[in-house]
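Open the model in your viewer and keep the selection tool at hand. We will go from the whole chain to single side chains.

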Amino acid sequence: ARDAAASHRDELGLSAYETSPLGADTLRLLRYLQIIERATMTHLRGVLVTATHKDARITAFLTTWAFEKYWIADAFEQIGLAHQPAGTDVDRAPFITPVERTIREAIYANIVGLPMIAVHMTLGTIDTWLSQAAYRRLIEIDPHPQLTRTIEKFLALKDRQLEFFELQSRYRLTESAQARKITKRRLVKTPWPIGAKAEPPHETEFLFQRLFGSARELISELDARIDSLPGQSGLNLIRKAARL
């Protein structure tokens, strides 16, 4: 939390896109990634009404995580705007968290108690694995020098976030059979990536097809990582989400 990464606007090198603009497909992917990164706030609203919020260290981490993801989303937004005429309105998906869903989540999660921490840490672990893979594929497909520099910086941030998520996930899944069972049930019901509900299904389909359609081995690698988490094998979450 002490050295959380804030605004990246001064380091985006937006002038580079004036002479070498990104392609339409890349801009479409960046917009999707922007929405997904911003959707963290909606996700966090559900997390912080559970027992997870009672752990001060995890709350501090999640707050930092959401803060950093907000500014990653802002960076993608600025890159998109750099490709639009001056004065173009900002295109932002609203934060939508149905009140009834939040109430149901709070009641259920507080009955479950501490095992919900394993659920949330595992969700974060898998989502970070998926976003890292997506970022890497994006700059492989479109190796624009300035975009590559920006994405590599974000990958370093996600490496640090993943260190916390994954260690906590493995520890808490190992410690509790109930946590393993509840986590497995929740993972199956989760749309991937986290925040996918903020966009129409065809945009998620485009993300997977464009980034992983010609690199399906990465889907298998991601599912193999999930299999390595205690009690979470055989789910094929990413293959099912990608429909490839």
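The tour below moves from the overall fold to the cores, a helix pair and one histidine.

**Before you start.** This is a predicted model, where local features need pLDDT of at least 70, side-chain atom pairs count only at pLDDT 80 or more, and totals for chains, interfaces and linings use all residues. Residues are numbered from 1 along each chain as its sequence is written, and side-chain values use heavy atoms, with hydrogens and water left out.

**Whole protein.** Show the cartoon. The protein has 11 helices and 0 strands. Helices here are DSSP runs (H or I, at least four residues), strands are E runs of at least two, and numbering starts at the N terminus. Of the 244 residues, 50% are buried. Buried means under 20% relative accessible area, exposed over 50%, and partly exposed in between (1.4 Å probe, protein chains only).

**The largest core.** Select Phe76, Ile126 and Ile238. Within the largest nonpolar core, of 51 residues, these three touch the most other members. Such a core is a set of buried Ala, Val, Leu, Ile, Met, Phe, Trp, Tyr and Cys residues joined through side-chain atoms within 4.5 Å. Helix α6 gives the largest share, 12 residues. Zoom in on Ile126. Beyond its neighbours within four places in sequence, Ile126 is in contact (heavy atoms within 4.5 Å) with residues including Leu187, Trp192 and Ile238.

Select Val47, Ile58, Phe164 and Phe165. They are among the 11 residues of another core, which lies apart from the largest one.

**A helix pair.** Select 145-175 and 177-189. These are α7 and α8, packed at about 120° with axes 5 Å apart. Axes are lines fitted to C-alpha atoms, for helices over the stretch in contact, and angles run from 0 to 180 degrees between N-to-C directions. From α7, Arg172, Leu173, Thr174 and Glu175 meet Ala177, Ala179, Arg180 and Thr183 of α8.

**His8.** Finish in the segment before α1 (16-19), where His8 sits. Is His8 buried or exposed? His8 counts as buried because its relative accessibility is 3%. Its side chain makes a polar contact with the side chain of Lys153 at 3.2 Å. A polar contact is a pair of N or O atoms within 3.5 Å; within protein, one must be able to donate a hydrogen and the other to accept it, and residues adjacent in sequence count only if both atoms are side-chain atoms. The His8 side chain also reaches the backbone oxygen of Ala6 at 3.3 Å.
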